[in-house]
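Visitor: I am new to this structure and would like to learn how to read it step by step. Could you take me through its features, with the general idea first and the case at hand after it?

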Amino acid sequence: MRLLNILLGLLLLITGGAAFIYILNMEAAPVETEEHGVAAPAAEYERGPHNGRLLKSGDLELEVTIFESGIPPEFHIFPFSGGEPLPPEDVDLTITLHRFGGRDDVITFVEQDDYLLGQQEVVEPHSFDVVVKGTFAGQTHDWKFPSYEGRTSMTEEAALQSGVEFAVAGPVKVNDSVELPGEIALDADRLVHITPRLSGVVREVKKSLGDTVTEGELLAVIDSKELADIKSEYLAAIERRDLAQSRFNIESGLREKKISAEQEFLQARQVLAEAGINVRSARQKLQALGITDDAVASAQKEGDSFTRYELISPINGTVIEKHLAVGEAVQDTSDCFVLADLSNVWVKTVVYAADLKHVRAGQQAIVHSTDLDITAEGIVAYIGDLVGQESRTAHAIIEIPNPDKVWRPGLYVTVDISDDTELELPIAVPTDAIQEFRDWSVVFMRDGDLYEICPVEIGRTFGEWVEITSGLDPGVSYVSKNSYLIKADIEKSGATHDH
């Protein structure tokens, strides 16, 4: 018989097998076999000519196979008597599959060529206690055996000690949300480029790349002949104004005494006015460079060089770029330092056209970095008015606080923007409840100390919740946290069938 089975298997491989046959791999047992338990490694059992399990009782033999080649799985049962094929219509057959949680699938059969065809799909997972009842020549024959897949057992105490948690499947209220890709960027409103606004040679550099600076702190000193000329021009304008003022005062006195002519008085007043204009013009040049009258007067009094020009930090921040060194010549447009206040950063993202109805300025957003495993709350500060013709997206900016400087510009993140609209999902489970098993997404059902896979169809994700569109029924107890431990236990036990 073993040789025949090997030859039949080779024949199926050579011919491409027009069909794929899955064989229930648990040994047939007497009717009194216990209905529940965890599958042990498959035992050797007698196979029929189609390489299926051969069940024998009196003068009736049944070869049990499940056919699933390009169609939903279905039972094909081949009847024999004394080793010879029986006409299918001579046998009345029913198979009952006792599934996890007390559900029963009762499958009836009709004649089809040389076998009996099951009239109901054998739905996944193929994990059940099989009860076969066949009637032939007025005699009833019964078989019963377990065939488990993706099942294991663990005491409640052991599960709880391992951190496994449970929940009951049912409706969950969530806020509608949109998940978007994003990137951490500098807050452009807190970014400063330091330029000298005049040419010169660097005399001192006080700050280096990465240094923290405060508002008003000295960054560097530049020697500038251009600055000296502007200061000298200002002092000369003051001198000329003072002289013009003295001359005007004299002419005004003489005019009151009717000693001086009116023309000379008017001329002195005009000179004074022009001198005042020149002073104001020179002062504005200094103010444009950030230099006050007091600073010029102090330099003049203390004998400091008029060429000294100081670069001062206008904000509290961090030096993120530095482009000067002692002795280097700089121009009035040179980018000497770039300072950034990193206590607040932006998240730049794109919103797909279909999601624009869910996103608006002022909404709360949750920003998460998988790389650093950190999360922060932010606010949608800006949504672009234009949608790209090719990308069909609009730009958006989320502001998030960054007091500890953990959010680094350039870091990729995900952004979850919640809508105020509350939805009720008929069935939803925590993301931690979902695992991959074979080619399915599954949750693990629980019945006392028993656990079994439940293949599910996944819908939308709302933060920590995943919508289940099919597979998991309301009221079913399932593993809601640390479900990977149950998966590992199942894989260790090898409780799977042969596909």
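**Reading the chain**

Guide: The chain holds six helices and 32 strands, and what you see is a predicted model, so confidence belongs beside every reading, pLDDT being the predictor's own confidence in each residue. The average pLDDT of the chain is 84, and 87% of the residues score at least 70. Over residues 1-23, however, the pLDDT is below 50, although this stretch has 38 contacts in the model beyond near neighbours in sequence. Residues 25-43 likewise stay under 50, and for them the model has 50 contacts beyond four places in sequence.

Visitor: How many of the residues count as buried, and what share of the contacts joins residues at least 24 apart?

Guide: Of the 499 residues, 42% count as buried. Among contacts between residues at least 6 apart in sequence, 70% join residues at least 24 apart.

Visitor: Which strands form the open sheet, and in what order?

Guide: The open sheet has four strands in the order β14-β21-β19-β16, with antiparallel pairing. At its edges lie β14 (191-194) and β16 (212-213), each of which pairs on one side only. Within the sheet, β19 (residues 317-322) and β21 (residues 337-340) run antiparallel and are joined by four bridges, and V319 has L339 in β21 as its bridge partner.

Visitor: How should I read a nonpolar core, and which residues of the largest one touch the most other members?

Guide: The general idea is that in soluble globular proteins nonpolar side chains tend to be buried together. Here the largest nonpolar core has 30 residues, of which Y309, L311, F337 and L339 touch the most other members. At least two residues of this core come from each of β14, β17 (218-223), α3 (225-256), α4 (262-288), β18 (308-312) and β21, and α3 gives the most, with seven residues. Leaving aside neighbours within four places in sequence, the contacts of Y309 include P196, A220, I222, L227 and I291. There is also a second, separate core of 22 residues, among them I77, V122, V130 and W143.

Visitor: What span should α3 have, and which of its residues are buried?

Guide: A helix can be checked by comparing its expected span with the distance between its end C-alpha atoms: the 32 residues of α3, at 1.5 Å a residue, should span 46 Å, and the ends are 46 Å apart, which agrees. Among the buried residues of α3 are L227, I230, Y234, L235, I238 and F248, and the list also includes K231 and E251. After α3 comes K258, whose phi is positive, near 60°.

Visitor: How far does α4 reach, and what comes just after it?

Guide: From its first C-alpha to its last, α4, with 27 residues, reaches 39 Å, close to the 39 Å expected at 1.5 Å a residue. Its buried residues include F265, L272, V279 and L286. Just after α4, G290 takes a positive phi of about 80°.

Visitor: Is T349 buried or exposed, and what does it touch?

Guide: T349, which lies in strand β22 (residues 344-352), has a relative accessible area of 4%, and because buried means under 20%, T349 counts as buried. Leaving aside neighbours within four places in sequence, T349 is in contact with L180, P181, G182, A394, H395, A396 and I398. A polar atom of the T349 side chain lies 2.4 Å from the backbone oxygen of P181.

Methods: Residues numbered from 1 in each chain as written. Heavy atoms only, no water. Pairing = 2+ DSSP bridges. Core = buried A, V, L, I, M, F, W, Y, C linked by side-chain atoms within 4.5 Å. Buried < 20%, exposed > 50% of the residue type's maximum accessible area, 1.4 Å probe, protein only. Contact = heavy atoms within 4.5 Å. Polar contact = N/O pair within 3.5 Å; in protein donor to acceptor, adjacent residues only side chain to side chain. Expected span 1.5 Å × (residues − 1). pLDDT = per-residue confidence, 0-100.
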